[in-house]
Amino acid sequence: MELLYSSCVGLLVACGVFLILRARTFPVVLGLTMLSYAVNLFLFASGRLTMNKAAVLGFSDGYADPLPQALVLTAIVIGFAMTAFVVILAIRGRADLGNDHVNGSEVPATSRNAGSQRKEQGKA
Amino acid sequence: MTQHLTSLPVLLPMLAAIFMLMPPCGKNLRARRIVSVGMGLLTTVASAILMLMTQEHGTSVYAIGNWSAPFGIVLIADPLSALLVTLTSFLGLVCGLYSCAGDDERGSFFHPLLHFLVLGVNGAFLTGDAFNLFVFFEVLLIASYSLLMHGGDKRNTRAALQYVILNLVGSSVFLIALGILYGTLGTLNMADMAQKVTLLQGDDVYLAKIGGLLLLVVFALKGALLPLHLWLPNTYSTAMPVVAALFAIMTKVGVYSMMRVYTLIFGEEAGELSHMAQNWLWWLAMATIVMGAIGVLASQDLRKMVANLVVVSVGTLVALVAVQSVQSSAAAVYYLVHSTLVSAALFLLADLIARQRGKVADRITAGRPVAQPLFLGGAFLVAAVAVIGMPPLSGFVGKIWILRSTLDTPYGNWFWLVYLVASLAVLVSVSKAGSTVFWHHTGKSDSEQERAHPAQICAVLLLVMCAPLMVVFAGPLSEYALLAAQELHDFTGLLQDVLGGVN
C-alpha cells in the first residue's frame with residue numbers, strides 16, 4: 001500500500017509541476033489543482049497509513065491519527081477557495097489582456113513560422 | 001478582561017470587516033469610512049495596551065477555546081509579536097485614513113479587505129502553532145490578492161496573476177513542509193516542536209531537515225529573498241500605492257516567521273539541526289542586498305525605487321536573522337519597525353507626487369512642479385534621510401546598531417562591505433530622484449492642480465513623523481527591542497508558559 005500511495009503522490013506532483021510550468025493559464029490552474037491534491041494526500045500520510053481504524057480515541061483498540069484529517073480538511077477548504085479565485089482571475093486576465101498567457105503577451109512566432117509568413121506576404 | 005486582550009488584535013479586525021459588509025454600512029461609503037477608521041484606531045489601541053502589558057508582565061499565552069497546548073491552538077504575545085502587531089494595526093489605521101481621500105471608491109470592498117489583511121498579519125504574528133501560521137498566511141494572502149486587483153487596470157491583472165500563482169505554489173510547499181515536520185515530530189505546536197526536535201534520531205533528522213529547509217523556501221518567497229524576489233518590484237509598483245504601503249508589512253511576516261522558526265525550533269538547542277539555515281540565509285541575504293541596490297539604481301520611477309528599497313531592507317533583516325545573536329536580533333527588531341514605516345511613507349508620498357505632476361506621474365524626469373512643494377518636499381526629505389540611514393534620523397540609529405552587531409561575526413567584513421556599498425547606491429539614487437522631481441521643472445504649475453486631501457496629509461505626516469520620534473524615543477525603544485530579542489532567544493520561559501500543564 002505504501003508503494004502505491006507514495007507513487008500516486010509522486011505522479012500527481014510531477015504532473016502538477018509540469019503543468020504549472022506551461023505558458024497558458026488553463027494548464028497552470030489544472031497543475032495547481034493537481035499539486036494541491038498531491039499535498040492533501042501527503043498530509044494524510046504524515047499521520048501514518050492505517051487500514052480500517054476510526055479516528056476516535058477510546059472506542060477501538062487502534063485508532064488513526066485525527067490531526068492530519070483535520071489539517072487536510074482545512075487545506076481542502078483553503079485550496080478550493082484559492083482555486084476558485086485563480087480561475088476567476090485567469091478569466092479576467094483573458095478578457096483584459098486578450099490572450100491567456102501567464103506573462104500577459106503572445107509568444108513571438110518562431111523563426112520558421114515568421115519566415116513562411118513573410119514568404120506568403122511576399123507572394124501576395 | 002485582561003486575559004482576553006491577547007485575542008483582540010485578531011478579533012477586532014475580523015469583527016470590523018464583517019460589520020462593514022452588513023447592511024448599516026453595506027452600501028454607505030461614509031459609514032464604512034467612519035467604522036473603518038474607528039475600528040482601526042480601536043485595534044491599534046488594543047495592540048498598544050497589549051504591548052505595554054507584555055513589557056510589564058512578560059509573555060502571555062492565550063489558549064483559544066481553552067483547549068490547552070499542544071493540541072489546542074495558542075496565541076502567544078511576547079514582546080516581539082506584540083510590537084509587530086501594534087505596528088501592523090497602526091499601518092492599517094494610517095492606510096485606512098489615507099484611502100478615505102478617494103482611493104476606496106475605486107472598488108467595492110476596500111475597507112473590509114484592509115481589515116481582513118490586518119487580521120491575517122496580526123494572526124500570523126501572534127500564533128504559536130505552525131499550521132495556524134499557514135492558515136493566517138492564507139487569510140492575509142487572499143485579502144492581498146483582492147487588494148492587488150482593487151481598482152486595477154491591465155498591467156495589474158498580469159502582475160496579480162503571477163503573484164497569485166507563485167503564492168499558491170508557495171502554499172503547497174508550505175503544506176508539504178508541515179506534513180514532513182508533523183510526520184517526524186508528531187506535533188505542530190511550535191514550542192512543542194522545539195522540545196521534540198532535540199529527541200530526533202536516525203533518518204528522522206534528515207527528514208526534519210528537509211522539512212525545515214522547505215519552510216525556508218516558503219518564507220523566502222513571502223519575504224522576497226533573492227532567487228524568489230522577482231515578483232516583488234512588479235507587484236508592488238502596479239498595486240495601488242496605498243495598497244503597496246500596506247504590503248510593506250507583508251514581507252516582514254516572512255522575515256518574522258524565519259526569526260521564530262530558526263531560533264525557536266531549529267535554534268541553538270536543536271542538537272544536530274541547530275542553525276541549519278544559517279549559512280543559506282547569510283549568503284542569500286547578501287545577494288538580496290546587492291540585487292536590491294542594483295534595482296534601486298536602475299529604477300525609472302519612484303514607486304519601483306521604493307519597491308526595490310523594500311528588497312534591500314529584507315536582505316538586511318535576513319542577514320541579521322542569520323547572525324542569531326541577541327544583539328543582532330534586537331537591531332533587527334528596531335530596523336524592522338523603522339523600515340516598514342518609512343517604506344510605507346515613501347509609497348504614499350510617491351502617490352501624492354504622481355498625482356500632482358500630471359502626465360509625468362512618478363517617473364524620475366523633469367516635469368511639472370508639484371502643487372505643494374513645501375509639504376511634499378519636506379516629507380520626502382525626511383523619509384529619504386531616514387531610508388538612506390543618514391544622521392540624525394531613525395535609519396542612522398538602525399544602521400549603527402546593525403553594523404555593531406555584525407562586527408564580530410565570521411563574515412562581518414563582507415557584510416560591512418556589501419551593506420555600506422549598497423547604502424551608497426541608495427544614497428546616490430534617492431538623492432538623484434529627489435532633486436530631479438523637486439528641482440528640475442519644465443512648464444508651470446497648474447492652478448487647478450489636484451491638491452492633497454487633508455486625510456492624505458494627515459496619514460503621510462503620521463508615518464513621516466515616526467522617523468524623528470524613533471530617534472527621540474530611541475532609549476526606551478532600544479530597551480524594548482533588546483527585551484524582545486532576549487525573549488526570542490531565551491525561550492525556556494515560553495516553553496513553560498505554553499506547555500505548563502503537560503510537562
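UniProt positions are given here in the numbering used for this structure, feature names are shortened, and annotations may be inferred rather than shown by experiment. With that said, the unreviewed UniProt entry lists residues 6-21, 28-50 and 70-91 of chain A under "transmembrane region".

This is a predicted model, where local features need pLDDT of at least 70 and side-chain atom pairs count only at pLDDT 80 or more, while totals for chains, interfaces and linings use all residues. Residues are numbered from 1 along each chain as its sequence is written, chains are lettered from A in the order in which they are written, and side-chain values use heavy atoms, with hydrogens and water left out.

Two of those spans. Residues 6-21 of chain A are 94% helix and 0% strand, with end C-alpha atoms 23 Å apart. Residues 70-91 of chain A are 100% helix and 0% strand, and their end C-alpha atoms lie 32 Å apart. Helices here are DSSP runs of H or I, at least four residues, and strands are runs of E, at least two, numbered from the N terminus.

Now the interface. Contact, meaning heavy atoms within 4.5 Å, joins 30 residues of chain A to 28 residues of chain B. On chain A's side, helix H2 (25-45) and helix H3 (66-97) are the elements that give two or more residues. H3(A) gives the largest share, 15 residues.

How many salt bridges are there between chain A and chain B? The count is 0, taking a salt bridge as a side-chain nitrogen of Lys or Arg within 4 Å of a carboxyl oxygen of Asp or Glu.
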